[in-house]
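Welcome! Please take a look at the structure below, and then we will walk through it together.

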Amino acid sequence: MTEQQQSAGASKVVLAGKVLDTDEVAVQRAVRRARTRGATLLLTLLVVGLVAVFVTSFWISRNASGETGLGFFLLLAALLFIMVYFGNNYWQWRVLQAFDMRCPHCGEALVGPFRWTKRPGYACPHCGKDALATARQLGEG
Ligand SMILES: [Zn+2]
C-alpha cells in the first residue's frame with residue numbers, strides 16, 4: 001500500500017467515475033477475496049494433481065512401458081487442466097451469485113446466464129460499465 005492511500009484512511013474506490021460507499025467496498029473486497037481463494041485452491045490442486053500424475057506415470061513406465069506411462073501422463077494432465085479451467089469459471093460465477101453482486105451503476109444483477117467457458121468479466125453485462133473492482137482499485141494489488 002502506498003503512503004498516499006494510507007493517509008487517505010479507507011482509500012476511495014472509484015468504478016467508472018462512481019465512488020463506492022463503504023458497504024459496496026466491503027462487498028467488493030469480500031468477492032475479491034472469495035475469487036482469489038478459489039483460484040488459489042484450484043491452482044494448488046492442479047500442482048498436487050500434476051505431481052501425483054507424474055509419479056504414477058513414471059511408475060507405469062517402469063513397470064509397463066514408457067509409451068503407456070507417457071500416454072497416461074498426457075491424458076490425465078489434460079484432464080486436470082480442463083477440470084481446473086472449468087472449475088475456476090464455475091467458482092467465479094458462484095461467488096457473484098452467492099454475494100448477490102449487483103452493478104453499482106444500474107443495480108442489475110451481475111450474474112447473467114451461467115457460462116462454463118467464460119469467467120465473468122469486470123464490466124456489467126447490462127450497462128457495460130466497470131462493475132467489479134480489481135485488486136489494484138481496491139488498493140490491494
Ligand atoms: Zn450495470
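Let us begin with Ala 16, which sits in the loop between strand E1 (14-15) and strand E2 (18-19). This is a predicted model, and in it the phi of Ala 16 is near 45 degrees, a positive value in a residue other than glycine. Most residues other than glycine have a negative phi. Ala 16 is partly exposed, because 14 other C-beta atoms lie within 10 Å.

Asp 100 is another residue to look at: its phi is positive, about 45 degrees, although it is not a glycine. You will find Asp 100 in the segment after H3. Asp 100 is exposed, since it has 10 other C-beta atoms within 10 Å.

## Two helices side by side

Now turn to helix H2 (residues 22-63) and helix H3 (residues 66-98), which pack with their axes 9 Å apart and at an angle of about 170 degrees. The angle is over 145 degrees, so H2 is roughly antiparallel to H3. Where these two helices meet, the contact is made up of 21 nonpolar residues, 11 polar ones and one charged.

## The nonpolar core

The largest nonpolar core holds 14 residues, and Leu 96, Leu 110 and Ala 131 have the most contacts inside it. At least two residues of this core come from each of H2 and H3, and H3 gives the most, with three.

Leu 96 touches Val 31, Met 101, Leu 110, Val 111 and Pro 120, leaving aside residues up to four places away in sequence.

## How confident is the model?

The average pLDDT of the chain is 88, and 92% of the residues score at least 70. Over residues 1-9, however, pLDDT stays under 50, and the model has four contacts for them beyond four places in sequence.

Technical notes:
Residues numbered from 1 in each chain as written. Predicted model: local features only at pLDDT ≥ 70, side-chain atom pairs only at ≥ 80, totals over all residues. pLDDT = per-residue confidence, 0-100. Contact = placed C-beta atoms within 7 Å. Axes fitted to C-alpha atoms, helices over the stretch in contact; angles between N-to-C directions. Helix = DSSP H or I, 4+ residues; strand = E, 2+ residues; numbered from the N terminus. Parallel < 35°, antiparallel > 145°, perpendicular 65-115°, else oblique. Nonpolar A, V, L, I, M, F, W, Y, C, P; charged D, E, K, R; others polar. Core = buried A, V, L, I, M, F, W, Y, C linked by C-beta atoms within 7 Å. Buried ≥ 20, exposed ≤ 12 C-beta atoms within 10 Å, placed from the backbone.
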